[in-house]
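Subject: Structure for you to look over

Hello,

I am handing over the structure we spoke about. Please open it alongside the notes below.

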Amino acid sequence: MSLSQTNFLSSSLLSSSHDLRIPYSRAVLSYPRIQTHRILCAAKRIGKRRYPSERRKLRTEQKEAVAKVKNKLEGVWRLSKLGVPVGDDPGKDFLGISEGLLQAIAKVIEFPVASMLPEEAFSVIRKSFDARKILKEAKFVYTVDLDVKTLLELEPRAHDFIFRLEPKIGLIEHVPTEKSVSGDLISVVNDCKRINSETASGEYEPQIINGSGDPHHHGGGRSKPKIAVVGGGPSGLFAALVLAEFGADVTLIERGQAVEERGRDIGALVVRKILDMESNFCFGEGGAGTWSDGKLVTRIGKNSATVLAVLKTLVRFGAPDNILVNGKPHLGTDKLVPLLRNFRHYLQSAGVTIKFGTRVDDLLVEDSRVVGVRVSDSTNQLQTTSQNLKVDAVVLAVGHSARDTYEMLHSRNVELIPKDFAVGLRIEHPQELINSIQYSDLANEVLKGRGKVPVADYKVVQYVNDKTEDLSQSSSKRSCYSFCMCPGGQVVLTSTNPTELCINGMSFSRRSSKWANAALVVTVSAKDFDVLNLKGPLAGIEFQREFERRAAIMGGGDFTVPVQRVTDFLQNKLSETPLPPSSYRLGVKSANLHELFPAHITEALRESISMFEKELPGFISEEALLHGVETRTSSPVRIPRSNETYESTSLKGLYPVGEGAGYAGGIVSAAVDGMFSGFAVAKSFDLFDGTIESVIGKAQGAGLVKY
């Protein structure tokens, strides 16, 4: 008798015995109705709501997926969207195979007895927490790989069930054995070098460089190509790592300090209000992401080979293994600091020269090609002595706050294009309130980041029909959304000039603070710059400066932040003191934030907050405090470059990469861009023979920047 004919235990054993249903009804705070722009929110169409064309496309994809499976009994089956109720799961910090997860797996493959499935045959690829109000109960959601060979060795009776398994788009995927996930970046480069050495005849010799900056002119002495990487953020670090592994002579130049000294400079700012304009929350080892939440989420593919290569490299340098599995991985500043120290030591052991406290003031250009950089000591404001460093190429990996670098590039006639970004305010709530809004009765399971469920966060977005006389006679959409949400975090100062005031959020790894904060921002573009009569490629930078200066004046100077209760902001009235407590440590001052932005931006923010209340009842609260101003959500410019070579389209030898160049946003996407640029530069100097896509997959196109 076959296993399929055997009468196993009742299927009721596969279902949860716990019922942790969440009552989501909440009292809504009364506030005046605001009549401004209509809000449009496009929900994803599923099931019968799909258009006929979408259903046809889905059927075609389904047929293609089925046709691709050559042998169901080999390789790996990837099972996605496996839901395990909270009561059946050990909790957020457990990343193994639990009994509840085995029950979910058994249901998908229609195996009658979950307890008979061997844990060794399964590996967790992704784990996230879903407490959406449309669900009957909160659950952990898994993506799991089923290794067919191991499963059949340990449980041969699963043969018939695997044989009947069929791919389902978004739920069940067959992954052939040869489709393996890449290792960390160092392993990837070493594999490339091994393949090169096996296919090349004789010993590899680096390309001849004559010091003229032209890698294709053979003459003079023989040496490694000299590459300057400007910027010690994620894109710069990963570009330097790739190039060093391929054998280039790399010099990493960072205007700020190493994390140890940078921490002391930030401490002086927070405690004594002493701003070091070169070593602060924006500048220094690791970039602006070091003293932030350390988010590792990205829109460029959580399970893609490129993202996994970055995450595995971070694990190699000290990040916890759980970032490879968590649906919303983050590190926190306390984990980033030792990681960056390890990263630095490895680069130095690989021969990279690292110059901290060194600012690039200019590019050395001959015959429309970069041949070097002019640098100065950024730690000594009284010293103006500069030094010229001759190099063969420059990887420009500065962050979005390097405004003097943009001005220098503009003076050098390097093409710069104004880019859309977003500006707004940072809102802060008590974290317990956000936990209650999102989790209801499960809020008591958070326990300041040490409980069973993760500290609650949120992500909200609306689209406003924008029509004002100042901008356009025709209606257009303006996006309003939450940005850089920091659960269990604090509001921090990210100014790089004492006359300007801008803020951001940060969290430590446990997210144990009693506050939750997020930016609420509105997209702006060239038409907004025109309203202030700002023109040219640097108009976005001046747009940012305008509101940062206004915020500094409204706060009264000395880095005091202007704030307003959310309820008062909606009613356009000054908040009375005492104000709700704020995590911002340099002082807050009651101000009418309506006086900060142009009316159309303020109205978009007001109406969006009103709509966010519908999604998150309780979001509008007397305890919620708005802080001004958030302006540096992404780079205000883009530096055009070749999609294939990553070289600037207007200056040879210059490779603009990362967030500051307008091609990334966040730690992971910046690291991925730096990684690809490293391969591209190595290829241009014949250090790498092959296609980048064959090694690490496809990069996002220059016109499709996904953060």
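Here is what was found in it, going from the chain as a whole to single contacts.

The model is predicted. The chain has 707 residues, of which 55% are buried. It contains 17 helices and 24 strands. Of the contacts between residues at least 6 apart in sequence, 73% join residues at least 24 apart.

Helix α10

Helix α10 spans residues 403-411, and its buried residues are Arg403, Thr405, Tyr406, Met408 and Leu409. After α10 comes Asn413, which has a positive phi, near 60°.

Aromatic rings

The whole structure holds 16 aromatic pairs. One of them joins Tyr458 and Phe619: the ring centres are 5.5 Å apart and the planes stand at 90°, so this pair is edge-to-face. Tyr458 belongs to the loop between α11 (431-439) and β15 (461-466), and Phe619 to the loop between α15 (599-615) and β22 (625-630); the pair therefore ties together parts that are 161 residues apart in sequence. Tyr458 is buried, at a relative accessible area of 5%, and Phe619 is buried too, at 0%. Elsewhere, one aromatic cluster is formed by Phe421, Phe529, Phe543, Phe547 and Phe597.

Two arginines sit over rings. For Arg164, the charged end is over the ring of Phe161, 4.9 Å from the ring centre. For Arg638, the ring is that of Tyr663, and the distance to the ring centre is 5.6 Å.

Helices α6 and α16

Helix α6 (residues 234-245) packs with helix α16 (residues 667-684) at an angle of about 35°, and the two axes are 7 Å apart. Their crossing is right-handed. On the α6 side, the residues that meet α16 are Pro234, Ser235, Phe238, Ala239, Val242 and Leu243. The α16 residues they meet include Ala670, Ala671, Gly674, Gly678 and Ala682, along with Ile667, Met675 and Phe679.

Regards

Definitions and conventions. Residues are numbered from 1 along each chain as its sequence is written. This is a predicted model: local features need pLDDT of at least 70, side-chain atom pairs count only at pLDDT 80 or more; totals for chains, interfaces and linings use all residues. Side-chain values use heavy atoms; hydrogens and water are left out. Helices (H or I, at least four residues) and strands (E, at least two) are DSSP runs, numbered from the N terminus. Buried means under 20% relative accessible area, exposed over 50%, partly exposed in between (1.4 Å probe, protein chains only). Contact means heavy atoms within 4.5 Å. Rings of Phe, Tyr and Trp (its six-membered ring) pair if their centres lie within 6.5 Å; planes under 30 degrees apart count as stacked, over 60 as edge-to-face and the rest as tilted. A charge sits over a ring if NZ of Lys or CZ of Arg is within 6 Å of the ring centre and within 35 degrees of the ring normal. Axes are lines fitted to C-alpha atoms, for helices over the stretch in contact, and angles run from 0 to 180 degrees between N-to-C directions. A crossing is left-handed if the near helix is turned anticlockwise from the far one by less than a right angle, and right-handed if clockwise.
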